[in-house]
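Trainee: I am new to this structure. Can you walk me through the terms used for it?

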Amino acid sequence: MVAPKAQLHRQPGATPQDSEKPKIVSALKARFTSAPISFIVSAVPQSLSKIILHVIFSTKNREPWLDSDVRPRMHAYLATICRDLGAELVNVGGVADHVHIVTTLPRTLSQADLIERIKKASSKWIKTLDARYRGFFWQRGYGAFSVSPSQLEAVLEYIRAQQEHHRTGTFQEEYRELLRKHGVDFDERYVWD
């Protein structure tokens with residue numbers, strides 16, 4: 001095996017005359033220095049994340065807690081939570097037993113953290129509205145699907161049509177269809193409480 005050739009190692013942007021005495025570093029060692037990486041990172045002043053999610057979850061046991069009186073308020077509150085967490089809200093919709101949220105994933109939260117915070121805050125909030133909501137809970141599970149920017153308008157239209165869509169189909173049927181559409185074979189693991 002031949003030893004790697006020595007290479008000159010300079011700071012990014014340095015010219016040969018900038019260095020009094022160039023440092024000789026082996027090629028292998030030079031690959032793992034941090035100088036080029038810090039230069040690349042410093043060129044990007046802020047991180048960017050543009051991941052669009054379609055999140056779906058239902059009320060516990062799919063009970064119809066979200067009647068036409070409280071549903072608009074719940075949807076507005078879900079939008080507020082998303083905004084407060086740093087997500088760009090695109091749309092919230094749904095019917096009496098489940099919600100659809102289309103939003104971006106904030107770069108500071110994992111998907112699981114985002115959804116947990118949305119569900120926790122909204123569940124606490126609805127219980128403060130009236131004594132009749134004290135028994136309200138969201139189901140434990142959720143569905144989250146990525147949305148391509150080219151498909152965003154179709155997903156938004158689908159959410160706007162929830163009332164019409166659920167005149168003929170149940171949440172379970174809708175969810176199974178979404179799983180099929182996204183290439184997920186239905187399994188009992190995806191049936192929520």
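Predicted model: local features only at pLDDT ≥ 70, side-chain atom pairs only at ≥ 80, totals over all residues.

Trainee: Why is H54 called buried?

Mentor: H54 has a relative accessible area of 3%. Buried means under 20%, so H54 counts as buried.

Trainee: Where is H54 found?

Mentor: H54 is found in strand β3, residues 52-58.

Trainee: What makes the link between the side chains of H54 and H100 a polar contact?

Mentor: The two side chains are joined at 2.8 Å. A polar contact needs a pair of N or O atoms within 3.5 Å.

Trainee: What makes β4 mostly covered?

Mentor: Of its 7 residues, 5 are buried. Each of those is under 20% relative accessible area.

Trainee: Which residues line the second largest pocket?

Mentor: Among them are A112, I115, E116, K119, F137, W138 and R140. The pocket has a volume of about 160 Å³.

Trainee: How do the lining residues of that pocket divide?

Mentor: They divide into 5 nonpolar, 2 polar and 4 charged. W138 is in the lining, and Trp counts as nonpolar. E116 also lines the pocket, and Glu counts as charged.

Notes: Residues numbered from 1 in each chain as written. Heavy atoms only, no water. Buried < 20%, exposed > 50% of the residue type's maximum accessible area, 1.4 Å probe, protein only. Helix = DSSP H or I, 4+ residues; strand = E, 2+ residues; numbered from the N terminus. Polar contact = N/O pair within 3.5 Å; in protein donor to acceptor, adjacent residues only side chain to side chain. 1 Å grid on protein atoms, 1.4 Å probe; cavity = no way out; pocket = protein on both sides within 12 Å on 5 of 7 lines; lining within 4 Å. Points joined across faces, edges and corners; volume = space filled by probe spheres on them.
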